[in-house]
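Dear colleague,

I am handing over a structure for you to look through, and below it you will find a short account of what came out of it. Please keep the picture open while you read.

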Amino acid sequence: VPDHADFFFSTADFTIDFWFYPQTIDESIIWQQGYDQIKYGDATPTLKINLGGASVTSGTLLRPNIWYHVMVTRNSTTINVYLNGVNDGSVADGTQVNNSTIVAIGANTAGNLPFEGYIDEFRISTVERESSGFTPPTAQYTSDANTVLLIHGGETKSGTTGSGATFTDSGNTGHTVTEVGNAIESTGNLYKF
């Protein structure tokens, strides 16, 4: 997703949340913006979040072939990681989240392994959506005024998947998303909803 002012959080609150279904425990990138990232399987099958100058690792060991709901938030100066609605790690950090020339989902441009599995309902918001435990969603998200990117995983594409197919995200922002590398369009029931 090309850089846009929507993704420049600076020191403000934000939320990145999504469902994911890992098929391996190999280290891979789920989201990356500059040096900030959400990684899976960094030495152990956990989530590792690097934002600004801070890092936090989820406390739960994850298994392949299971859907997990993940929510990463910044509430004032605290980064929280929620796994399936439960706080699974936090760290104090109020530094600026990097602005970058690209927002990458499922891979990055620095040669790290692409994520092997499925990602659905990927949303970026300019508010902290939860400050305590919550119940993960049971249906697709609906875009609102604070949604700056929303990918349901089934948007209509133009072009060939894996070879530069493009689509417009399902938020109200009109961001163009380009599929690259090993992207595979689902033709079966591989979505969470």
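How many aromatic pairs does the structure hold? There are 10 aromatic pairs, where rings of Phe, Tyr and Trp (its six-membered ring) pair if their centres lie within 6.5 Å, and planes under 30 degrees apart count as stacked, over 60 as edge-to-face and the rest as tilted. One of them joins Phe20 and Tyr68, a tilted pair with 5.9 Å from centre to centre and 40 degrees between the planes. This pair links distant parts of the chain, since Phe20 sits in strand E1 (residues 14-22) and Tyr68 in strand E6 (residues 68-75), 48 residues apart. Phe20 and Tyr68 are both buried, a word that here means under 20% relative accessible area, with exposed meaning over 50% and partly exposed in between (1.4 Å probe, protein chains only). For Tyr21 and Trp67 the ring centres are 5.3 Å apart and the planes stand at 55 degrees, so this pair is tilted. Tyr21 is in strand E1, whereas Trp67 is in the loop between strand E5 (54-57) and E6, 46 residues apart. Ring pairs also link Phe18, Phe20, Tyr40, Tyr68, Phe115 and Phe122 into a cluster.

Before going further, please note that this is a predicted model, in which local features need pLDDT of at least 70 and side-chain atom pairs count only at pLDDT 80 or more, while totals for chains, interfaces and linings use all residues. Residues are numbered from 1 along each chain as its sequence is written, and side-chain values use heavy atoms, with hydrogens and water left out.

Now to the chain as a whole. The protein chain has 0 helices and 13 strands, where helices (H or I, at least four residues) and strands (E, at least two) are DSSP runs, numbered from the N terminus. Its radius of gyration is 15 Å, which agrees with the value near 16 Å that a compact globule of 193 residues would have; the radius is taken over C-alpha atoms, and the globule rule is 2.2 Å times the number of residues to the power 0.38. Of the 193 residues, 44% count as buried.

Finally, look at Pro2, which lies in the segment before E1. The C-alpha atoms of Pro2 and Thr176 are separated by 7.4 Å, although these residues are 174 apart along the chain. Leaving aside neighbours within four places in sequence, Pro2 is in contact (heavy atoms within 4.5 Å) with Phe7, Thr101 and Thr176.
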